[in-house]
There are 2 protein chains.
Amino acid sequence: MAKEESVSDLSRRQFLGTSTMLGLAGIGLSAGLSACKDGGAQAAADSSAGAAATAPAHGAGHNPHKLPGQLDDYYGLWSGGHSGEMRVLGLPSGREIKRIPVFNMDCMSGWGITNESKAILGTKPDGTPKYMVGDTHHVHASYAKGTYDGRYAWVNDKINSRLARIRLDTFECDKITELPNVQGFHGIFPDKRDPVDQNVDHTTRVFCGSEFHIPHPNDGRDLESPEKYGALFTCVDAETMEVRWQCKVDGNMDLVATSYDGKLAASNQYNTENGIHYEDMMSAERDACVFFNIARIEQAVKDGKFKTVGDSKVPVVDGTKAANADPKTALTAYVPVPKNPHGVNASPDAKYFICAGKLSPTATVIELEKVLAWFDGKLDDIKKTIAAEVELGLGPLHTAFDGRGNAYTTLFLDSQMVKWNVAEAIKFYGGDKNAKYVVDRLDVQFQPGHTNASMSETREADGQWLAVGCKFSKDRFLPVGPLHPENEQLVDISGDKMIHVADHPVYPEPHDFIIVKRDKIKTRQVYNLDDFPLALKDPKESRVERHGNKVTIHLASQAPAFSLREFKVKKGDEVTVILTNLDKVEDLTHGFAIPKYNVNFIVNPQETKSVTFKADKPGIYWCYCTHFCHALHLEMRSRLIVER
Amino acid sequence: MAKEESVSDLSRRQFLGTSTMLGLAGIGLSAGLSACKDGGAQAAADSSAGAAATAPAHGAGHNPHKLPGQLDDYYGLWSGGHSGEMRVLGLPSGREIKRIPVFNMDCMSGWGITNESKAILGTKPDGTPKYMVGDTHHVHASYAKGTYDGRYAWVNDKINSRLARIRLDTFECDKITELPNVQGFHGIFPDKRDPVDQNVDHTTRVFCGSEFHIPHPNDGRDLESPEKYGALFTCVDAETMEVRWQCKVDGNMDLVATSYDGKLAASNQYNTENGIHYEDMMSAERDACVFFNIARIEQAVKDGKFKTVGDSKVPVVDGTKAANADPKTALTAYVPVPKNPHGVNASPDAKYFICAGKLSPTATVIELEKVLAWFDGKLDDIKKTIAAEVELGLGPLHTAFDGRGNAYTTLFLDSQMVKWNVAEAIKFYGGDKNAKYVVDRLDVQFQPGHTNASMSETREADGQWLAVGCKFSKDRFLPVGPLHPENEQLVDISGDKMIHVADHPVYPEPHDFIIVKRDKIKTRQVYNLDDFPLALKDPKESRVERHGNKVTIHLASQAPAFSLREFKVKKGDEVTVILTNLDKVEDLTHGFAIPKYNVNFIVNPQETKSVTFKADKPGIYWCYCTHFCHALHLEMRSRLIVER
């Protein structure tokens, strides 16, 4: 540092600025964050020292901690990134209450092991799950009347282009849909009401943006023909989880937002050049936020104005820029925003989508009424939909809202949250240079990606808590080797100033999340036997049924015993164990493990599940309960006898 | 309730007492915890109300919470139960800093996907992992001079009888050993010094108890011949992780404890009747805590006094009761303790093992000096090793220590922790009816299994914090459907009274755990390229190598790019991707995902990993970085081209 009087904050900002410039210059391999080896450590040390000296006591800001037995005020529905799962946090305490296995294998619950979970996951011809990996990105929940209705959440898998639905009464995944002809499925958002029938004021569709361009179809032909490549925006039916339609666009789509009136969905985009090599993707000065006119697209599908791709039967309409030049018939509208934007979020007053600059230090405020006006032919220039484009800081990514007119945007490169007032930003952009739109700044630790505030993406945004998903935790927690946790920071936003009240380490990579008031969700705590056609309702009916070499074991669990003390099969049999948990007490889950046969799964109270395996190893196998249930839990087992 | 003045605590105890009696009466299917449907809910409600009215403020007891940026004081090494993983918590905050994949599949890190992890896990002939499920039980760490030395931790898998080692410099699993001829591998404990060479004052062996009796060998013969059944106690070498020897015993072993002088290991046991049907296992009035004379067993092995079982080459000595009647030559000593005991723990003063009664309301204090005296022929009756056997409450399971002479035992059926003084208990048992050994009682929520205190199982037990693993959380957290989290409760034990300061929900089933002072563990935060023979040290050497239809891709990652923009293979090729992360910055991990090819894994700074797959689908596959690394992370990818 040149001057001794440099304050640590300044040197930290300088370092990050330098790092940015190297990264943006595209020096690639030798640049970017790899340049921060020493500077980064110094920055972390500075910040840490600062925290020790100036961090707020729990008295400053609301206390996020809960006394023993106290319940949290909000559900946090958290993406698990490439852990493939979803997570449920209690907020403000930050405690993880549940992991929901979705695209991952989970040997606690038997997800990927039971026949029921494999039917949801999809299987290969040999009966094993088709995929074992997933990369969950964005979690969003169903709406009614502009706020969460507690029916469903959805989360997407980027690696294998799948959309999963989570029932919010049981907090379990019940359906997974693989999108056809899509690669790099990045953003999702449910609609908030019907675009045509305004009586349908709840979610009926989920929109899916795809990032990577691939040949259509991707069968090994047209490998080097950019004109044969494409990216599809997909509409999935919220109830059936079937794909309704797809819309081909220019550019690589990231995030998705939807309007409160149901008429518009949008996705921010990069590579509007449609390049298929990296070097071809970065030339345009501006990329776009592309808007979809849902009613027109669905009319086009009705009118038969679509193609299909490869083996898929899904109608694909043409939403490319060239095909939609006339606003009055356009299915899509491309609003130009600075190069490689990232993140698009709908403000809770229903007026704006805010698109963050990523490589530009700006956020672009797009006025939805004007986008509709453009589609109506009442606006001569699409650029006039832009209500504001203001500088916020380096690396703006995602934006949350407090319901009081303020927006909170993550600045990845600055490692900062910026609180800014949307109305003031519009004034400033309109020429009022006295308008002060930046309200507050807060350093976070470090490099924040997504952010969200309590009820932010609803009409009931309540401005209480803000969570910031920091991608690097560096020295914020006890060291645990080369793989660091990420750092979810909790910020009290109930006052004028943002107050950082807690750090929470999380297993990578919690990509995105929503924060839902607890009264929006009503759960079932015990299953109903009638929901399971295979249920064994009376333990007296426990039995071993044989048809040829297929053997079915009908079994029940009731603490502290399984209903059969033993069951016999023959080597070579295909064995199916169907287990019903007849205990009715809330929280009284049983497990069922078979040594050496790769079987373990749980059955919750009044639930039925099954597994199928080939009895290829003769001998004695003590099947035991893995989920603590009773003082004699350890003695709860059944003897599987595989005869030679 | 009969009287209006009944206090909620009393009614709760009454309820639990009733439930116990039903359970112990063996009414089985219709009894036990399933009886608590209404009573349980009432008890929970009572307790919850009590908590709201009387729970300590954070000021009562030390505050367990940490300000943003403050580090925790202890590492908690937590078993993950049938999640198959190990977990690292920071204590006292209770924050989970890391999950360590061990027996489970983990698509975040690629555990079960990379060639390196599959080599540790073991594979089937088709190259997929041999098992996808595991049931981790007990975590224990290596010792030197009677305390943790920060080298290793071990955790066992009950389902498939495997022992895994975790390096504590990297917090990663580096070796897994499957024990031969063992089923239901329950307890483990490392030795604390060598039984013969007292210069070796650190861990060199890990002892493993097995629970289920199976025919030896278990090949489908002798299915109904109890005399052919057996259970083996196994010694694994701490460094090589190879099995050194096994010892056949009577009874089903649960937990394991080891003495500070290295001479003794012990396991508590039930089914000393050696029954192979449930009904045959419960007749004996007393079961045993079996002690192993390690030096004699190893001498017997040297002397060739062993057999082998089936295909296994491991020497198996005879430790059954009948074969070890003469103390002077005995390999084992069976100390009688009340029926179906559970849990055996070594006191930090090195004098006692404490065996908890489970079905008996007692703990048995066994004096190690007297066990050695018995082996020396200086004690006429093994029962004289019992220094005390005192009533604690209903369902005693596991015991922790504070280093000040007090023991803390979980009472599963009472849902309570009892603090008791060992010296006073010995006095009481010796006839001094004025000796008050019970110091304090604390209700916990609900049904505690394991417990442990900070540094409890070392000579440095410091009596600061106690963790209690409660199996049922009922209404202590926001409801998340039929599957409940478990409840890890944190108790301040620094004063005379136990003070419950926090509830933490955890994903099932954290079976057991240890709490290690943070200065005991020194981690590596960046790998060394030289540790990886396959490392690509210079990105200029990135290349595609072909030998017949085997193709190897040598690739490097450096934010924000992979070293090859694309790589081509042919349909049908067997493709191996070897990826080296050349970034050197701490925390700068990259991921590598291939859509539709079931590939995702991470490479930490300076680490190398590989995957192998068959290129059976022609087309374009955008391999992308899944672990946030840079402002241009989203653009970090490489094009896999599979030609037709």
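Predicted model: local features only at pLDDT ≥ 70, side-chain atom pairs only at ≥ 80, totals over all residues.

**Helix α6 of chain B**

B:Asn421 caps the N-terminal end of helix α6 of chain B, which covers residues 422–429. I checked the atoms: a side-chain oxygen of B:Asn421 lies 3.1 Å from the backbone nitrogen of B:Ala423. Then I looked past the other end, where α6(B) is followed by B:Gly431. The phi of B:Gly431 is positive, near 120°.

**Cavities**

How many cavities of 30 Å³ or more does a search of the whole structure find? I noted 14.

**The largest cavity**

I wrote down a volume of about 470 Å³ for the largest cavity. Its lining has 30 residues, and the closest to its centre are A:Gly94, A:Arg95, A:Glu96, B:Gly94 and B:Arg95. Which strands supply at least two residues each? In chain A I listed β2 (86–91), β3 (95–100) and β29 (499–506), and in chain B I listed β2 (86–91), β3 (95–100) and β29 (499–506). By residue class, I counted ten nonpolar, eight polar and twelve charged in this lining.

**The second largest cavity**

Here I found a volume of about 170 Å³. The second largest cavity is lined by 22 residues, and nearest its centre lie A:His342, A:His511, B:Phe628, B:His633 and B:Leu634. From chain A, β22 (396–401) and β26 (448–453) each give at least two residues to the lining. My tally for this lining was seven nonpolar, ten polar and five charged residues.

Notes
Residues numbered from 1 in each chain as written. Chains lettered and ligands numbered in written order. Heavy atoms only, no water. Polar contact = N/O pair within 3.5 Å; in protein donor to acceptor, adjacent residues only side chain to side chain. Helix = DSSP H or I, 4+ residues; strand = E, 2+ residues; numbered from the N terminus. 1 Å grid on protein atoms, 1.4 Å probe; cavity = no way out; pocket = protein on both sides within 12 Å on 5 of 7 lines; lining within 4 Å. Points joined across faces, edges and corners; volume = space filled by probe spheres on them. Nonpolar A, V, L, I, M, F, W, Y, C, P; charged D, E, K, R; others polar.
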